[in-house]
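Please read the following note with the sequence and the model open side by side. It is written for a student who is new to protein structure.

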Amino acid sequence: MMILAPSILAADFKELGKEIRTIEENGAQYLHFDVMDGMFVPSISFGVPVLESIRPATKLVCDAHLMVTEPIRYVEAFAKAGADLITVHLEACEDINATIEKIRACGCKVGVSICPDTPVISVKNLLKKVDMILIMSVHPGFGGQAFIPESLDKIRELKAMIDAEGLCVDIQVDGGIYTHNVEEVIEAGANVIVAGSAIFKGDTANNTKEMLEILKRYE
């Protein structure tokens, strides 16, 4: 299944409720929360209160991407706030297996993310424990960066690894994805597409429709 996950990091926060309604009405399936702590990444974005306030207003899958050091500390809080899927960075966890178990115990789906410099082979032993692997196609911490072309090879490698084990694991890609390059990302093997600026800069409704039209060609 092809899934569009607009990232609210790029949304107009003074119109956030309206922006979320627009993407939901136009077919987006996930709502992606880029949570940054100023430690694992340089930037600080938003946290539990934002998710908690949004949750009652949308039926979209709330996809919490925790770009924070030792995210196990916050898993329960994000789960209680309404996250359906919690993704943590392999590089940010002292004990990735304990973190995965904590997310499961809180009733959420599990995602593990790797940064551009982290090899795909590092998640091989986790594939049977997770629902999704997130390939970062930019260096985490800032919106609006250009897509790193080498990410396509990482997506292909991950897809081959998943298929070889006969598993059903989503491949999410986050960073620098627009209508002009999303097909390359899909053809490489991704099925969950995070898009921030491509959705929220300009006409949000039209941008959502255009991106979904491309994704639907691959279903």
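1. Basis of the note. This is a predicted model, in which local features need pLDDT of at least 70 and side-chain atom pairs count only at pLDDT 80 or more, while totals for chains, interfaces and linings use all residues. Residues are numbered from 1 along each chain as its sequence is written, and side-chain values use heavy atoms, with hydrogens and water left out.

2. The buried side of helix H1. Helices (H or I, at least four residues) and strands (E, at least two) are DSSP runs, numbered from the N terminus. A residue is called buried under 20% relative accessible area, exposed over 50%, and partly exposed in between (1.4 Å probe, protein chains only). Helix H1 spans residues 16–25, and its buried residues are Leu16, Glu19, Ile20, Thr22 and Ile23. They fall within an arc of 160 degrees when H1 is seen down its axis, so they line one face of the helix. The arc is taken from the directions that run from the helix axis to the C-beta atoms. An α-helix has 3.6 residues a turn, so residues three or four places apart point the same way.

3. Just after H1, Gly27 has a positive phi of about 110 degrees.

4. Helix H4. Which residues of H4 are buried? They are Ile96, Thr99, Ile100 and Ile103. These residues cover an arc of only 100 degrees around the axis, which puts them on the same side of H4. Glu101 and Ala105 are exposed on the face turned away from that buried side. Helix H3 (75–81), strand E4 (85–89) and strand E5 (109–114) are among the elements that cover the buried residues of H4.

5. Just after H4, Gly107 takes a positive phi of about 85 degrees.

6. Arg104. This residue belongs to helix H4 (residues 96–105). Arg104 counts as partly exposed because its relative accessibility is 37%. Contact means heavy atoms within 4.5 Å. Apart from neighbours within four places in sequence, Arg104 is in contact with Lys109, Val110, Lys129, Val130 and Asp131. Its side chain reaches the backbone oxygen of Lys129 at 3.1 Å.

7. The second largest pocket. A pocket is an open set of points on a 1 Å grid over the protein atoms alone, where a 1.4 Å probe fits, with protein on both sides within 12 Å along at least five of seven lines; lining residues have an atom within 4 Å of a point. The volume of the second largest pocket is about 180 Å³. Its lining has 13 residues, and those closest to its centre are Met1, Lys159, Val169, Asp170 and Asn191. Helix H5 (151–164) and strand E7 (170–174) each supply at least two lining residues, and H5 gives the largest share, three residues.

8. Asn191. Asn191 lies in the loop between helix H6 (182–188) and strand E8 (192–195). Is Asn191 buried or exposed? Its relative accessibility is 13%, and therefore Asn191 counts as buried. The side chain of Asn191 makes a polar contact with the side chain of Asp170 at 2.9 Å. A polar contact is a pair of N or O atoms within 3.5 Å; within protein, one must be able to donate a hydrogen and the other to accept it, and residues adjacent in sequence count only if both atoms are side-chain atoms. Beyond its neighbours within four places in sequence, Asn191 is in contact with Met1, Met2, Ile3, Asp170 and Ile171.

9. Two loop residues. Glu165 is placed in the loop between H5 and E7 and is partly exposed, at 26% relative accessibility. Glu165 and Lys124 are 41 residues apart in sequence, with their C-alpha atoms 9.8 Å apart in space. Glu70 lies in the loop between strand E3 (61–67) and H3. The phi of Glu70 is near 45 degrees, a positive value in a residue other than glycine.

Terms used: Points joined across faces, edges and corners; volume = space filled by probe spheres on them.
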